[in-house]
Amino acid sequence: MLLAELLCRLSERARRLLYMSSRHFSAEAIWSEAMRMAQGHSPGHTTLVATIWPNEYDEAVAVAELVRDRHDLTIGEIALVVRDDEQRQGIGSFLLWRLLRVAQLNGITSLNASMLAENSAMLRLIRTLGLPYTATTRYGETQVIVRVPAQPEVLASAPHPQKLAA
């Protein structure tokens, strides 16, 4: 499964930043997490996977998730990771813009992201959106809330990396 291969290929640092934990991931835990992500296509959970085709087979290079809050349907939680060797090519930005559009279409007005305070790449990615956001850091963890614009045209200027097909 592409998602399990992606999770296996992440560096320990990338996994720690994604899961906010330095725990070891067994093959069984990685498979279980990949299955959880793959089940994400429902009104309350969306998983986007970016793939490339470097040889004969597809390879997953990034995954992004949006999970609607069960208690407040206008709030969504986001998570995103790009494989180490594919970072800084616009893939994360592309996926984040797509998550914003999914959120907008589903009536979500704010996105929450929990991350380790050291995850400067994710915070920089959120800043580059140019959307209103707040960030609060306590005890080594940063909570970010991004306001989702109500007008579809605001998201029309989303980046489209040449490397990816929409």
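Guide: Residues are numbered from 1 along each chain as its sequence is written, and side-chain values use heavy atoms, with hydrogens and water left out. In this predicted model, local features need pLDDT of at least 70 and side-chain atom pairs count only at pLDDT 80 or more, while totals for chains, interfaces and linings use all residues.

Visitor: Why is the contact between Arg16 and Glu118 called a salt bridge?

Guide: A salt bridge is a side-chain nitrogen of Lys or Arg within 4 Å of a carboxyl oxygen of Asp or Glu. The closest N and O atoms of Arg16 and Glu118 are 3.0 Å apart, so the pair meets that cut-off. Arg16 lies in helix 2 and Glu118 in the loop between strand 4 and helix 5, 102 residues apart. Helices (H or I, at least four residues) and strands (E, at least two) are DSSP runs, numbered from the N terminus.

Visitor: What makes Arg16 partly exposed?

Guide: Buried means under 20% relative accessible area, exposed over 50%, and partly exposed in between (1.4 Å probe, protein chains only). Arg16 has 25%, and therefore counts as partly exposed. Glu118, at 40%, is also placed in the partly exposed class.

Visitor: Is Glu33 buried or exposed?

Guide: Glu33 has a relative accessibility of 14%, so it counts as buried. Its salt-bridge partner is Arg36, with the closest N and O atoms 2.7 Å apart. Arg36, at 34%, is partly exposed.

Visitor: Which residues are linked in a network of salt bridges?

Guide: The network links Arg9, Glu59, Arg83, Asp85 and Glu86. Within it, the closest N and O atoms of Glu59 and Arg83 are 3.0 Å apart. Glu59 and Arg83 are both buried. A search of the whole structure finds eight salt bridges.

Visitor: What lines the largest pocket?

Guide: A pocket is an open set of points on a 1 Å grid over the protein atoms alone, where a 1.4 Å probe fits, with protein on both sides within 12 Å along at least five of seven lines; lining residues have an atom within 4 Å of a point. By that rule 25 residues line the largest pocket, and Val82, Gln87, Ala121, Met122 and Leu125 lie nearest its centre. Helix 5 gives the largest share, six residues.
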